[in-house]
Amino acid sequence: MSPEPFSVRCHVVTGKGGTGKTTVAASLALALAADGRHVLLIETEGRQGIAQLFDTPPLPYEERRVAVTRGGGEVKALAIDVEAAFLEYLDMFYNLKRAGRALRKMGAVDFATAIAPGLRDVLLTGKVKEAVTRRRDGRHVYDAVVVDAPPTGRITRFLNVTGEVAGLARSGPIRTQSDGVMAVLRSPQTAVHLVTLLEDMPVQETADAIADLTAAGLPVGSVVVNMAAGPLLPAASLSRTAAGRLTGADLVPALDAAGLPTSPELADALAAEAVEHAQRWVAQDALRGVVERLGRPTVELPQAIGPIDVGCLFELADRLEDHLRSAAAA
Amino acid sequence: MTTPNRHEHRAPALDLAGLIADRSTRIIVCCGSGGVGKTTTSAALALAAAEAGRTVVVLTIDPARRLAQSLGLVELDNEPRQVEVPGASGRLDAMMLDMKRTFDDVVTAHSTPDRAEQIMANPFYQALSSSFAGTQEYMAMEKLGQLRASDRWDLVIVDTPPSRSALDFLDAPNRMSRFLDGTMIRLLTAPARAGGRAGVRLVGAGFMIFSRIISKILGGQLLSDISSFVAALDTMFGGFRERATATYELLRRPGTSFVVVAAPEPDALREASYFVDRLSTEGMPLVGLVLNRTHPPATMGLSATRAEAAAEAIAEAGGTGSKLTAGALRVHAERMVLAAREQRLADRFTSAHPEVAVRTVPAAAGDVHDLDGLRTMAAALLGDEADTPTGTPRSRVLPART
């Protein structure tokens, strides 16, 4: 019954390896599922990262509920098995379910996807499109679909399926299929979000990916700065500290006043750690400016203390929900 | 909460300085999952080796832009270039892998100009050499073989491609050669080779259907491209498998050493664990684990709990410098907690692999992107096990419980 507050229904999440894109995708799915909405979270790389995050057994190739959200919303998850998707595809276009089993045994499916890497991507994005456009009784089955997509280095190729199959098929079912996928991915109902850390390489890759996606006519969504840590030192003393102008002697009076049994060595060590902390923070903050200049709506997610669990995901989801609202309002 | 373990395993110390100084060390392979600092580790080891008098070449796969620049890797000509290292007694060359170029070179080296041209114009070859999963790994090995075979260097240090799984480096070349030499490709391409009938009789109707679908989906042109490509390869060097096997064998030869790099995070250490098991199955010599980007505290004189309490007391009391001092104490508290977590992960690795030597390398405050940064890292990689400011041995993040 809930209205659709966000016009984007297909959220593709990418990022350099190690930036936590699966965590962000999962949190985004939870955020979108709040207030009784139904969301599908799709895994495309066969790593079972979603199952690990939600602490469930490995996901089969079928839509399984992994979380319930406020107001009766839910997140279902699907780990796409390329082989199964291929057989499904053969069945759909060639009515070949039984022959499919024989093909699987021969390793033929592996082979087909190996000689034509583009075919793999067409199958994956085809499944995404199917979920986005699926209707029951005239209504969308899913209010939103979130895709845990391949990393930034591969994302444009992955989504630009028509380009990929152009060399393979100029007509026929696979061409029709990829044209249909492309129409959804290029439409305003899709947004590609980029996850980054405040480190040189991930920020650089994010900038490169935005340029590539834009050139391919794919809609870029938000930049998610993940694992951003706030400074523990007072803002006024950060740059002075980062420049190394903090010594143990500066800390001794306050330590003494608190009655701490301090040695000069201890005070020096604390100062050294504070300097390193400030330097790290200043370096990250400089990258904040670079991220801002990318000109995309940006949200920062805090670094979780300890391993990520479902509770963490909901906390991150709150932040993302606020961000989605403000980005939609803007 | 973990309880102290009476039978706690202590990881042996990793002696990378000795490895580099040893003239019989000819190849060092740095492997590990993506994003753990393999490239920087390889570059730092190479720099140290040059400074220790070796003539060394480092093969990097995908260096960060600024690091590449600092190594003089601005031109992508797929050839090693000398890096100016003032005061080094040895010599350092560096190169960045260009997989397409490396593949082209293999083709050129093994065929006539006419045939090479024909292969390179083949659309399937073009796709294979630029985007096939595993090509980068295969070409990294190929290049490693070439560098080792040349007598210009007495040490080759190689960084491995940034795949998610460290095992890909070992698996991809064989997977690729199996695929290119495989039954399926021979059957599919049979019409072009032998008139086709024989193949059909062997496999029956199921395959016929498949073959028909494949040509329908992928187009008959692709199949004939593949077919002529495979035929050309066969005459070139008797197939891919032999070639890949030969390169693979290089990794088992004496003089080759593996260094596994991991960050102190569960995923990276799990990958490292798989890799260690694999190396031992393959009989490939592992020197040890570099645990990169750890956060050892500068002092052990104050526990996290006490630092946190003191920060609170000081912030409450107020006065000059109280905010700064309280902040510094919180930085320390956070660092102690982080270090404890890192040590716990390292301990878990060591209890599964008690024989694997470990060296921890503290995180730099910023990205490593110049020779000075590499030198700092080299000092942490090669420094004496016991020689640290806090006295914590370099195989650990925190001192062992007594």
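# Close-up views of a predicted two-chain model

Chain A has 330 residues, and 49% of them are buried. The model is predicted.

**View 1. Chain A at a glance.** Chain A contains 14 helices and 10 strands. Take its contacts with a separation of 6 or more. Of these, 72% link residues 24 or more positions apart.

**View 2. The open sheet of chain A.** Eight strands of chain A form an open sheet with mixed pairing. Their order is S3-S4-S2-S7-S1-S8-S9-S10. Which strands sit at the edges? They are S3 (64-69) and S10 (298-302) of chain A, and each pairs on one side only. On average, neighbouring strands of this sheet are turned by 25 degrees against each other, with direction ignored. Strands of a sheet pair through backbone hydrogen bonds, either parallel or antiparallel.

**View 3. Strand S7 of chain A, inside the sheet.** S7(A) covers residues 144-148. Five of its five residues are buried, so the strand is largely enclosed by the rest of the structure. A residue counts as buried when 20 or more other C-beta atoms lie within 10 Å of its own. Which residues point which way from S7(A)? Ala144(A), Val146(A) and Asp148(A) point one way. Val145(A) and Val147(A) point the other way. In a regular strand the side chains alternate between the two faces of the sheet.

**View 4. The partners of S7 in chain A.** Strand S1 (residues 10-15) of chain A runs parallel to S7(A), joined by four bridges. Here Val13(A) has Asp148(A) as its bridge partner. Strand S2 (residues 38-43) of chain A also pairs with S7(A) in the parallel sense, over five bridges.

View 5. How many bridges join S1(A) to strand S8 (residues 190-196) of chain A? There are six, and the two strands run parallel. Val13(A) stands opposite His193(A) in S8(A). Helix H10 (residues 200-215) of chain A packs on the sheet. H10(A) touches S1, S8 and strand S9 (220-228) of chain A. The direction of H10(A) makes about 165 degrees with that of S8(A). Helix H7 (residues 152-159) of chain A lies across S1 and S8 of chain A. H7(A) runs at about 145 degrees to S1(A).

**View 6. Two residues with positive phi.** Most residues other than glycine have a negative phi. Asp35(A) has a positive phi, near 65 degrees. Where is Asp35(A)? It lies in the loop between helix H1 (21-33) and S2 of chain A. Asp35(A) is partly exposed, because 15 other C-beta atoms lie within 10 Å. Arg293(B) also has a positive phi, of about 65 degrees, although it is not a glycine. Arg293(B) belongs to strand S7 (residues 286-294) of chain B. Arg293(B) has 19 C-beta neighbours inside 10 Å, so it counts as partly exposed.

**View 7. Strand S4 of chain B and its pairings.** Strand S2 (residues 55-60) of chain B runs parallel to strand S4 (residues 91-96) of chain B, and six bridges join them. Val57(B) stands opposite Asp93(B) in S4(B). Strand S3 (residues 81-83) of chain B pairs with S4(B) in the antiparallel sense, over three bridges. Which residue of S4(B) does Gln82(B) stand opposite? It is Asp93(B).

**View 8. Two domains in chain B.** Domain 1 of chain B spans 16-298 + 340-382, and domain 2 spans 304-339. Seven residues of domain 1 of chain B are in contact with six residues of domain 2 of chain B. On the domain 1 side of this contact there are three nonpolar, two polar and two charged residues.

View 9. In soluble globular proteins, nonpolar side chains tend to be buried together. The largest nonpolar core has 128 residues. The members that touch the most others include Leu45(B), Val56(B), Val260(B) and Leu381(B). Helix H17 (residues 322-352) of chain B gives this core its largest share, 11 residues. Leaving out residues up to four places away in sequence, Leu381(B) touches Leu16(B), Ala44(B), Leu45(B), Ala48(B), Val290(B), Arg359(B) and Val361(B). A second, separate core has 79 residues, among them Ala33(A), Ala67(A), Val299(A) and Ala317(A).

Definitions and conventions. Residues are numbered from 1 along each chain as its sequence is written. Chains are lettered from A and ligands numbered from 1 in the order in which they are written. This is a predicted model: local features need pLDDT of at least 70, side-chain atom pairs count only at pLDDT 80 or more; totals for chains, interfaces and linings use all residues. A residue is buried if 20 or more other C-beta atoms lie within 10 Å of its own, exposed if 12 or fewer, and partly exposed in between; C-beta atoms are placed from the backbone. Two strands pair if DSSP finds at least two bridges between them. Two residues are in contact if their C-beta atoms, placed from the backbone, lie within 7 Å. Domain bounds come from an automatic or database domain assignment. Ala, Val, Leu, Ile, Met, Phe, Trp, Tyr, Cys and Pro count as nonpolar, Asp, Glu, Lys and Arg as charged, and the others, Gly among them, as polar. A nonpolar core is a set of buried Ala, Val, Leu, Ile, Met, Phe, Trp, Tyr and Cys residues joined through C-beta atoms within 7 Å. Axes are lines fitted to C-alpha atoms, for helices over the stretch in contact, and angles run from 0 to 180 degrees between N-to-C directions.
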